[in-house]
Amino acid sequence: MNEQLDHSNVEHGMQPEDTPELRALYKGFEDENLIPLWTQLGDLMPMHPKPKAVPHVWKWAKLLPLAKTSGELVPVGRGGERRAIGLANPGLGGNAYISPTLWCAIQYLCPGENAPEHRHSQNAFRFVVEGEGVWTVVNGDPVRMSRGDLLLTPGWNFHGHHNVATEPMAWIDGLDIPFSQQMDVGFFEFGSERVTDNATPNYSRGERLWCHSGLRPLSQLQNTVSSPIGAYRWEFTDRALTEQLLLEDEGQPATVAQGHAAIRYVNPTTGGDVMPTIRCEFHRLRAGVETAPRQDVGSTVLQVFEGAGAVVLNGETHKLEKGDMFVAPSWAKWSLQAETQFDLFRFSDAPIMERLHFMRTMGED
């Protein structure tokens with residue numbers, strides 16, 4: 001077969017002779033802040049995505065002690081706002097970005113602490129891998145945070161957190177900060193110094209209104225950009241995954257692949273993603289299952305919720321256990337291997353890529 005053409009091996013028809021006149025031309029380009037396309041085509045238009053971000057794994061057993069120490073040394077308050085420690089992709093030059101579009105952090109709140117209220121253009125969520133005792137208050141609605149829950153804070157919603165327990169609590173935050181920053185769309189506004197409602201209800205008002213299977217309140221018929229549900233509870237996620245695998249046992253087409261159950265969290269007003277820039281999913285693999293390798297345009301991040309297994313990132317195998325996280329940047333090849341039953345929370349920038357018609361996938365789960 002003929003060698004596949006690439007920028008590095010195609011015959012280059014724009015290599016003029018190095019002359020004083022050519023150097024003067026290039027100097028003129030430089031003086032006027034101009035750069036010719038023919039000198040940079042391979043960087044601007046690669047044959048396939050070549051991200052600066054790299055695949056990387058963060059170990060929960062190392063993150064949690066560092067977060068705990070920060071809780072002992074760094075107070076929570078106005079200005080810094082959150083005791084949140086960003087996961088910095090090694091390929092992105094020291095920025096606290098897990099990918100060019102996504103931000104992920106471990107947040108830590110000690111007993112009795114209040115993280116002051118604020119709001120921002122960026123969309124945010126929280127996922128709890130363990131612990132309880134914190135309520136996040138979103139636009140005045142107190143929302144319990146418990147193990148396995150996905151909590152939403154869509155853009156421009158006031159929100160703060162308070163810990164009413166006797167133990168500290170850690171969780172992960174996910175936001176579209178890098179995308180928002182690169183697009184220059186960010187606004188920020190301070191709110192109350194303390195949360196505006198100290199109540200600790202078992203279910204938030206949003207849940208009481210919206211979380212009734214297949215039912216929509218007639219008082220809320222207008223579709224919303226982000227989901228009106230503040231918390232997607234673990235009990236329902238677990239039940240949905242369990243039933244998929246039971247249906248598979250009965251010979252019914254309920255799973256995305258043999259031994260692989262998965263759900264997507266959705267906005268009940270549209271059936272689409274929970275927020276316009278972030279997709280959230282949960283995956284469960286039976287022990288011994290291996291997923292097919294896949295590549296996607298855009299970035300994806302997964303955290304192990306329960307169980308043990310591994311991820312293969314561009315051919316390199318990394319063992320994973322509870323709390324561990326990894327990022328697969330655009331077009332990185334990745335697959336999962338389950339040693340035990342393997343539960344993983346996943347989020348990505350897929351809504352952006354799909355809406356802009358850049359999405360492309362090779363391989364399937």
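**Reading the features**

A: In this predicted model, Arg-286 forms a salt bridge with Asp-249, and the closest N and O atoms of the two are 2.8 Å apart. Arg-286 lies in the loop between β14 and β15 whereas Asp-249 belongs to helix α6, so the pair ties together parts that are 37 residues apart in sequence.

Q: With which other residue does the side chain of Arg-286 meet in a salt bridge?

A: The other partner is Glu-248, with an N to O distance of 3.1 Å. Glu-248 also lies in helix α6, so this pair ties the loop between β14 (279–285) and β15 (295–296) to a part 38 residues away in sequence.

Q: Are Glu-248 and Asp-249 buried or exposed?

A: A residue is called buried under 20% relative accessible area and exposed over 50%. Glu-248, with a relative accessible area of 10%, is therefore buried, while Asp-249 counts as exposed because its relative accessibility is 53%. Arg-286, at 27%, is partly exposed.

Q: Which residue forms a salt bridge with Arg-279?

A: Arg-279 pairs with Glu-354, their closest N and O atoms being 2.7 Å apart. This pair links distant parts of the chain, since Arg-279 sits in strand β14 and Glu-354 in helix α7, 75 residues apart. Arg-279 is buried, with a relative accessible area of 7%, and Glu-354 is partly exposed, with 36%.

Q: How should I read a sheet, and in what order do the five strands of the open sheet come?

A: Strands of a sheet pair through backbone hydrogen bonds, in either a parallel or an antiparallel way. Here the order is β7-β6-β9-β4-β11, with antiparallel pairing, and the edge strands β7 (141–146) and β11 (188–190) each pair on one side only. Within the sheet, β6 (residues 132–138) is joined to β9 (residues 159–163) by five bridges, and Thr-136 stands opposite His-161 in β9.

How values were computed
Residues are numbered from 1 along each chain as its sequence is written. This is a predicted model: local features need pLDDT of at least 70, side-chain atom pairs count only at pLDDT 80 or more; totals for chains, interfaces and linings use all residues. Side-chain values use heavy atoms; hydrogens and water are left out. Two strands pair if DSSP finds at least two bridges between them. Helices (H or I, at least four residues) and strands (E, at least two) are DSSP runs, numbered from the N terminus. A salt bridge is a side-chain nitrogen of Lys or Arg within 4 Å of a carboxyl oxygen of Asp or Glu. Buried means under 20% relative accessible area, exposed over 50%, partly exposed in between (1.4 Å probe, protein chains only).
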